[in-house]
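Take a look at the model below.

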Amino acid sequence: MAVLLTLLGIAIILVGLWDIYHSLLHPSGTGAIGGRVQTAVWRISRRTGHRFGSAVGPGSMITVVLLWVLLQGVGWALVYLPHVPQGFTYSPGVDPADYPDVLGALYISLVTLATLGFGDVVATDPWVRLATPLEALTGFALLTAALTWFTQIYPPLSRRRSLALELKSLADVGYADGIAQEDPVTTARVLDGLAAEVAKARIDFTQHGETYYFQEEDPDLSLARQLPYALELRERAAASASPAVRTSAGRLGLALEQLGQKLREEFVRTGETPEEVFAAYAADHGREPVR
């Protein structure tokens, strides 16, 4: 039984570490467990009419971090459980018989994981004495990983908001309607810039999938609302008499198709054309798309 508990604990620890690795270090940017948790939180928010607004994204990330802590805490507790209480020495006034072994093991695990070091319970079993510093290192790494995860999402969000504002400004001046009268060189430069920003958005959704669940309170900053206007720009530019403008329109169209494919496969799960995918993206975020 002791061996089974130890193996189960190690398995839970490795599952948690594997999910942390995939969420923070792997190019996919999404852990199997963490990704499902974030999706579940998002769906709950959507069913309530996005009542929680911009708090959904940070809230889903906090939920994932708490899950990581739970996996590590429970996993190490199972490793310690066969050695409680005989593998530990207790401070005066602490009687292990007053507490169930399961709670004792969980307490030891959480205190060690948090690197609190109360000193009221100290491992005496040689194997456990080796394990507890490893858990403390895991706890320190988990704290660092969580802080890093929260700080690394702001550059992708900034790029996404910048693209949304650029599309809004073009929509406000009716740029698509005046493409035929604009200087072809200038128009090609604008379209190429948009294509590059759209490509960056696709990369951000790939490496930082958690940013999808950040809903913008300001509709002007919502890419879900502004993105459909890029399709209008592509269509008008594709009909231009200038070869340079048509080439840039093709680049923008390809970038939009690739972004639509990423959104369809990873998030909205519906739509065949970019128009349908972007409409589903806007609806998922509770926004009316700009046309």
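Which residues of the largest nonpolar core touch the most other members? This is a predicted model, where local features need pLDDT of at least 70, side-chain atom pairs count only at pLDDT 80 or more, and totals for chains, interfaces and linings use all residues. Residues are numbered from 1 along each chain as its sequence is written, and side-chain values use heavy atoms, with hydrogens and water left out.

The residues are Tyr212, Leu233, Leu263 and Tyr281, in a core of 39 residues. A nonpolar core is a set of buried Ala, Val, Leu, Ile, Met, Phe, Trp, Tyr and Cys residues joined through side-chain atoms within 4.5 Å. Buried means under 20% relative accessible area, exposed over 50%, partly exposed in between (1.4 Å probe, protein chains only). Two or more residues each come from α6, α7, α8, α9, α10 and α11. Helix α10 gives the largest share, nine residues. Helices (H or I, at least four residues) are DSSP runs, numbered from the N terminus.

Now take Leu233. Its contacts (heavy atoms within 4.5 Å) include Leu167, Tyr175, Ile179 and Leu252, not counting residues up to four places away in sequence.

A second, separate core has 18 residues, among them Trp76, Tyr80, Phe88 and Ala131.

Turn to helix α11, residues 274–284. Tyr281 is one of its buried residues, and Phe278 is another. The buried residues of α11 pack against α2, α6, α7, α8, α9 and α10. Just after α11 comes Gly286, with a positive phi of about 70°.

Last, helix α1 spans residues 2–24 and holds Leu7. Leu7 is exposed, at a relative accessible area of 51%.
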